[in-house]
Amino acid sequence: MQTRRETLKQSAVVAGLLASTGLFPQHALAYEKVAFEAKSLADVAKALGAGAPVESKDVTVGGPDIAENGAVVPLTASTTLAGVKKVLILVEKNPAALVAMFNMTDSVEASFATRSKMGQSSDVYAVAVMADGKAFYAKKEVKVTLGGCGG
Amino acid sequence: MKRLALAIGIVVVAGSALAQKSASDGIAEYRAMLQDGNPAELFEAKGEDLWKQKRGPKNASLEQCDLGKGPGVVKGAFVELPRHFADTNKVQDLESRLLTCMETLQGFNAAEIAKTPFGKGEQNNVTALATWIAAESRGMKFNLPNSHVAEKTMYEVGKRLFFMRGGSHDFACATCHGDDGKRIRLQDLPNLTKNPGDGAGFAAWPAYRVSNGQMWGMQLRLNDCYRQQRFPYPLFGSDATIALGMYMGVNAKGAESIAPAIKR
Amino acid sequence: MADPMRIRAQASGDKATVRVLMSHEMESGQRKDSAGKIVPAWYIQEVSASLNGKAVMTAEWGPAVSKNPFLQFVVKGAKAGDKISVSWKDNKGDSRTDEATVS
Amino acid sequence: MKKHIKFIAPALIALIAGCAAVPSGPELDKLAADIAKASFRDEGQAKVDRLVQDDANRECAAADVAGKPIDEKVAKVIEETNLKAIKWPSDGKFLGDWKEGEKLAQSGRGMTWTDAAGSENGGNCYNCHQISKQEISFGTLGPSLYNYGKMRGVANPDAPESKAIVEYTWGKIWNARAYNACSQMPRAGHKGILNEQQVKHIMALLLDPKSPVNQ
């Protein structure tokens with residue numbers, strides 16, 4: 001199902017892709033403000049006009065079992081599904097769940113890595129949003145330990 | 001990387017494997033993940049630019065700076081510092097030597113920079129320079145000359161300061177760094193009374209701190225150790241910090257430098 | 001102006017792995033300063049990458065991405081000598097573009 | 001203190017740069033002390049008077065530098081002096097609330113130059129000791145204290161048979177140097193890091209049969 005918002009967004013992405021050297025044309029990307037303020041996986045999907053996310057073994061989330069420091073937690077998201085449009089990385093218990101959203105083209109693999117802040121131990125999600133609006137996810141728990149007395 | 005398993009059998013296997021994996025294994029895995037892409041590289045690049053750039057009241061670069069191996073020789077300088085310099089007739093560490101060069105070559109006021117808080121103004125540039133200079137000796141082994149009488153004296157002074165107990169908590173450097181195989185919370189503590197191994201202790205700094213996203217040189221590393229020791233504030237480039245550098249550097253003889261490292 | 005990025009692009013077979021480090025505070029907007037006042041959010045919102053001038057990927061980030069961000073992605077059909085360009089733009093409108101050659 | 005710096009520095013340079021031999025032991029001790037004095041300044045509540053060492057710290061550091069155990073007689077004097085300095089609980093009650101004790105054990109705050117003067121100090125306990133089983137982030141500089149009371153057979157801390165271990169534990173937390181002249185453990189009570197009430201809470205964490213430490 002495509003909402004009006006989603007349709008607008010898609011054309012924005014196309015405009016972004018048309019930008020030649022990677023410099024941003026004015027307002028090429030309409031920043032997904034609502035999605036980046038959403039508190040849960042379901043709300044993020046909704047804000048992006050995607051369907052209710054379904055767990056899938058074809059999506060992979062990567063990250064440490066224990067993060068020594070919540071300031072920097074390496075996370076990866078990838079999928080083997082064909083027809084993926086966006087790849088998302090989420091941290092459930094952060095003030096806003098969505099960390100990063102990658103818009104696909106045929107020229108990149110659906111496999112991304114970045115590093116996230118985590119306020120506390122939490123489930124982290126990799127989500128693949130498909131061209132038809134379906135969303136698939138994988139999750140894993142990342143424990144965040146406190147450091148020492150500061151050293 | 002763990003694929004989310006749907007089959008219950010797989011979940012059980014994964015669960016027990018997880019339970020067997022100790023917390024320290026998990027932390028080691030986390031640290032390994034961070035090695036690929038150390039933001040210290042950003043500071044390295046900046047430091048190299050700063051070295052070559054004409055700056056300061058004299059509008060000069062640092063390319064004629066003598067870090068101990070002759071003017072302009074950067075490679076290998078890091079693993080031989082601190083050392084005695086004839087021109088200043090002082091034992092200097094990397095950061096205090098950089099201040100000397102910034103003053104004599106570029107016309108900066110070294111005392112002003114030393115007084116500038118970490119992370120501000122020219123201090124940021126000193127850190128970036130130290131990061132790049134350290135990186136130029138990556139993979140080399142520590143080998144301080146320690147032959148001049150002033151160097152030997154500073155080593156002995158450093159040893160005494162290393163064991164000096166004081167402050168509200170009676171801590172010395174040795175409280176945490178005087179023994180093998182110890183931890184504070186989950187952090188491994190290098191034994192700095194001897195060679196603690198490749199890339200440990202003195203051979204790891206400057207380092208990028210992931211906890212605060214800051215690049216720390218040895219001067220700030222020592223400063224924050226003293227803060228946590230509940231000692232008063234060590235002056236930047238003071239003889240106490242250089243004596244400690246001398247003690248740790250000589251003890252680290254043979255240790256391979258991995259600086260700039262990435263730390264929690 | 002923001003400090004330069006570090007971009008490393010390494011070809012293997014018919015694709016290249018691109019690793020990027022960006023110099024940015026990535027202030028979350030959740031943190032308080034010593035006076036107890038919220039430090040305003042300041043973070044990279046948009047990232048884009050291109051191969052020889054052709055856009056291959058765009059990304060949108062929230063303030064949870066760590067300080068001095070790291071990004072890794074894989075570009076198909078990239079070979080040694082190709083140019084990879086990466087751009088970012090933050091919520092204050094500051095931006096930066098850097099380029100690297102695939103090795 | 002600051003005024004001294006200018007006077008000391010040239011003397012140091014002369015001594016360090018003096019082309020003769022490395023100074024002797026006592027000269028080095030003096031030089032190290034002078035260098036320390038010239039190298040630190042006040043910051044926040046961390047004043048340069050913290051560099052002043054009492055006999056216990058000076059003697060133990062000297063033994064460390066020499067790489068030898070401290071002289072037995074000197075150790076005895078340090079232990080006796082510190083034992084005498086222990087303040088026992090004013091109301092005769094040794095145990096407080098283990099939940100408060102756990103919070104104090106977790107906290108490593110207090111008395112650094114970045115801590116506000118007068119802010120509550122933590123006990124720093126987990127930095128060096130394993131304590132409860134639940135906290136996996138613990139240090140190993142000190143021995144594990146897991147099951148501290150249980151292992152020592154403290155079923156009822158108020159019972160007469162528990163008296164000796166309860167008193168020893170209080171004394172150890174208050175002033176560890178009373179039992180081991182060169183112990184690395186901070187003298188929590190003696191140095192005013194923790195107050196009487198806080199020490200009681202830590203006591204409860206270690207000795208209360210209901211504390212997670214003894215589960």
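Guide: One definition before we start: a helix axis here is a line fitted to C-alpha atoms over the stretch in contact, and angles run from 0 to 180 degrees between N-to-C directions. Also, keep in mind that this is a predicted model.

Visitor: Are α3(D) and α4(D) roughly parallel or roughly antiparallel to each other?
Guide: Helix α3 of chain D covers residues 55-66, and helix α4 of chain D covers residues 72-84. Their axes come within 10 Å and cross at roughly 150°. Angles over 145 degrees count as roughly antiparallel. So α3(D) and α4(D) are roughly antiparallel.

Visitor: Which residues of α4(D) make the contact?
Guide: On the α3(D) side you'll find Asp55(D), Ala56(D) and Glu59(D). Across from them, α4(D) brings in Val74(D), Ile78(D) and Asn82(D).

Visitor: Which element gives the most to the side of chain B that touches chain D?
Guide: Here 43 residues of chain B are in contact with 50 residues of chain D. Several elements of chain B each supply at least two residues to that side, including α9 (218-228) and α10 (239-251). The one that gives the most, with 11 residues, is α7(B).

Visitor: What is the bridge partner of Pro234(B) in β1(D)?
Guide: Two bridges join β8(B) to strand β1 of chain D, residues 40-41, and the strands run antiparallel. In β1(D), the partner of Pro234(B) is Phe40(D).

Visitor: How many Å separate the centres of domain 1 and domain 2 of chain B?
Guide: Chain B is divided into domain 1 (1-36) and domain 2 (40-263). Taken over C-alpha atoms, their centres are separated by 37 Å.

How values were computed
Residues numbered from 1 in each chain as written. Chains lettered and ligands numbered in written order. Predicted model: local features only at pLDDT ≥ 70, side-chain atom pairs only at ≥ 80, totals over all residues. Helix = DSSP H or I, 4+ residues; strand = E, 2+ residues; numbered from the N terminus. Parallel < 35°, antiparallel > 145°, perpendicular 65-115°, else oblique. Contact = placed C-beta atoms within 7 Å. Domains from an automatic or database assignment. Pairing = 2+ DSSP bridges.
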